[in-house]
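This report describes selected features of one structure. The sequence and the model are shown first.

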Amino acid sequence: MIELLTSHYTYVLVFVLLGLGIYMTIASENLVKKLIGVSLFQTAIFLFFISMAYIEGGSAPIVPAEADPGRLMVASPLPQVIVLTAIVVGIALTAVGLALVIRIYAEYGTLREDTLREVRADE
Amino acid sequence: MSNVELLPPLLIAAPLLAATLPIVLGLWTDRTGWPIAAVTTTGLFGAAVALASAVYTGTDVPVTHELGGYPRTYGIQLVADQFSVLIALLVTAVATGVLVYTRQGGPRGNTFYTAYLLLTGGLLGITLTGDVFNLFVFLEITSIATYALVASGDGPESAVAALKYLILGTMAASMYLIGVAFLLMATGTLNMIELAMAIPAAERPTLIRAGFGFIAVGFVTKVAQWPLHTWQPSAYQQAPDGVTPLIAALVSTASAYAFGRLIVTVFGVDYLTAMPNAAAIVLTIGCVSVLAGTVLAVIQTEVKRMLAYSSVSQFGLVIAAYGVVIAGSSETAFIGAAIHLLGHGLLKAGLFLGAALVARSYGARTVDEYAGLAKARPVVAGAMAVLLLSLVGVPPGVGFVGKWYIALGAVQSQLWPVAAVIFLSTMLTLAYAARLLEKMYFTPPAALDWPRTREPVATDGGDTTVSIGMLAIVVIAAVGAVALGFAGGTIAGLLEPFLIEVFN
């Protein structure tokens, strides 16, 4: 068990981050903090992909033209490409989310979900 | 070299590229959005029909295309087979049809049509992709466009609804991405066909099980199943009237299609049947949503909200059908799920268009305000009545055919509780449909405040005109719902080659 933890500690870290992200999204009343929680959740997934691709002693997946490709030990490029794409998607989502938060703040003058609920109930 | 092969990438790239045009052309003239969207979606519908005829009649099926010429082991492959083409036809047809309403009904502005075309492109991407990570990207393109469209509603409430949708939708897509990560870890590939070969041979089945669990949770949220449906009613209600038909008919449908695709093509029915608890979980989620969705729909007073909860229960039927597919390897239930996806999309597009029309011309938004609609607006009332009855499952509507196949599959697999839930849900669907029908046909409007004396806040700038086209599109949806009901056997026949390949 201890051995597994020392060799796979990144996975433990990733799932702690996932839990933190989802907890923050659910428990925080502040809309911006909720979005930060969503971002944290997504970032944890990116780390999951990256740590999956890691191999002991491997280098970056750039293969020189002249070298013998069979002997070169490189990390799998596929998860890294995925993470690059997913980061872009995540940024777009955060931007849209923050735009919505700005609009909500302009209309209701609050960022807290509980206050928002009261304001909307009054109307 | 046949040109059919180029249709799948064209179907995805054309709307995404055309989405930039309304903004660019909007720099020197307004009102370019609608013509561009109309030309694009009509062209897409034509392309989808051409693709469908090639897939259903041709010998070279499925039609595939490797993007950039990279082989499918590490490139992205687009696949058009009998199942995906069915959904592509629905997406392009509804996207074209809803435009008839938005021309006068709004929302207006070039940016609206940009989001509209992005959404169409994303949905076609979900439909045609053969790569699980690419599916995630298209899910997010679809979602971002949908959040923007929901938030384009008039009131501040729409922004709250959109943010709620954004948080839950992003979590759902992230769950799906974790599932993909587990699959990649276990098999090292992302292509659906390669995964289908690698999954049964995987050394560590725990990873596959965890992957399926995360993917199932992701899609259950995206499809709005109880208790993860909370984003959906407010999103449908607060979205502008011209947007709700599109997102209600297509967005959850595409997610449900993707879930079905992963079940039958990627994991494989046999593998999931052997996986402990998989069938029980999917069945339970579906059946509970059917019941919870209908009960919640019955107690609603707003028509759009009622129809939204009805979607929860109708998609519950589809998910329950997937459960039957897993539990009993039932081809019949799968045909039912496919027909119900198609039929529900058409019915909800028609019903929400009808509701938009009524809100616009009659000022009615709640069930009570629909009183006397049949006298004042006989055509809309008639079309909505046909659509509602079809949703309940009165033959020969398309709702009947879908439910019939799903129930038949459940009975064949001897899953009696599921069959009971389907029959019970039909009765409950009748409960809310009958409430609306009773108001429209049998309650005189004088018994209530005359709706039109209310201030015309709800209508778009006081414009209450209804074009012939708007009326025609609701009627076409109603006629289509009945016609598809008769075509149930034909659709089952068209799906036959796909089923043979999947269920052998």
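The sections below cover confidence, annotated spans, the chain contact, a strand pair and backbone geometry.

## Confidence in chain A

The model is predicted. Chain A has a mean pLDDT of 84, with 92% of its residues at 70 or more. Among the elements of chain A, helix α3 (residues 31-53) has the highest mean pLDDT, 91. The lowest, 76, belongs to helix α1 (residues 2-7) of chain A.

## Annotated spans of chain A

An unreviewed UniProt entry lists residues 6-23 and 81-102 of chain A under "transmembrane region". In the model, residues 6-23 of chain A are 94% helix and 0% strand, and the end C-alpha atoms of this span lie 26 Å apart. Residues 81-102 of chain A are 100% helix and 0% strand, with end C-alpha atoms 32 Å apart.

## Contact between chains A and B

The contact takes 27 residues from chain A and 23 residues from chain B. On the side of chain B that touches chain A, the elements giving two or more residues are α6 and α7 (157-187) of chain B. Of these, α7(B) gives the most, with 14 residues. By residue class, this side of chain B divides into 20 nonpolar, 2 polar and 1 charged.

## Helix α6 of chain B

Helix α6 of chain B, one of the elements in the contact, covers residues 132-151 and has 20 residues. From its first C-alpha to its last, α6(B) reaches 29 Å, close to the 28 Å expected at 1.5 Å a residue.

Is α6(B) enclosed by the rest of the structure or exposed? In α6(B), 20 of the 20 residues are buried, so the helix is largely enclosed by the rest of the structure. The cut-off for a buried residue is 20 or more other C-beta atoms within 10 Å of its own.

## Strands β1 and β2 of chain B

Strand β1 (residues 63-66) of chain B pairs with β2(B) in the antiparallel sense, over 4 bridges. Within this pair, B:V63 stands opposite B:A80 in β2(B).

Strand β2 of chain B spans residues 77-80. B:Q77 and B:V79 point one way from β2(B), while B:L78 and B:A80 point the other way. All of these residues are buried.

## Cis peptide bonds in chain B

Most residues other than glycine have a negative phi, and most peptide bonds are trans. Which bond is cis with omega of about 0°? The bond that joins B:W226 and B:P227 is. B:P227 is found in the loop between α9 (205-222) and α10 (231-238) of chain B.

The peptide bond from B:P395 to B:P396 is also cis, with omega near 10°. B:P396 is in the loop between α17 (378-392) and α18 (398-412) of chain B.

## Positive phi in chain B

B:N277 has a positive phi, near 70°, in a residue other than glycine. B:N277 lies in the loop between α12 (269-274) and α13 (278-298) of chain B. With 10 other C-beta atoms within 10 Å, B:N277 is exposed, because the cut-off for an exposed residue is 12 or fewer.

B:S329, likewise a residue other than glycine, has a positive phi near 45°. The loop that holds B:S329 runs between α14 (303-328) and α15 (331-362) of chain B. B:S329 has 17 C-beta neighbours inside 10 Å and therefore counts as partly exposed.

Terms used:
Residues are numbered from 1 along each chain as its sequence is written. Chains are lettered from A and ligands numbered from 1 in the order in which they are written. This is a predicted model: local features need pLDDT of at least 70, side-chain atom pairs count only at pLDDT 80 or more; totals for chains, interfaces and linings use all residues. The expected span of a helix is 1.5 Å times one less than its number of residues. UniProt positions are given in the numbering used here, feature names are shortened, and annotations may be inferred rather than shown by experiment. Two strands pair if DSSP finds at least two bridges between them. Two residues are in contact if their C-beta atoms, placed from the backbone, lie within 7 Å. Ala, Val, Leu, Ile, Met, Phe, Trp, Tyr, Cys and Pro count as nonpolar, Asp, Glu, Lys and Arg as charged, and the others, Gly among them, as polar. pLDDT is the predictor's confidence in each residue, from 0 to 100.
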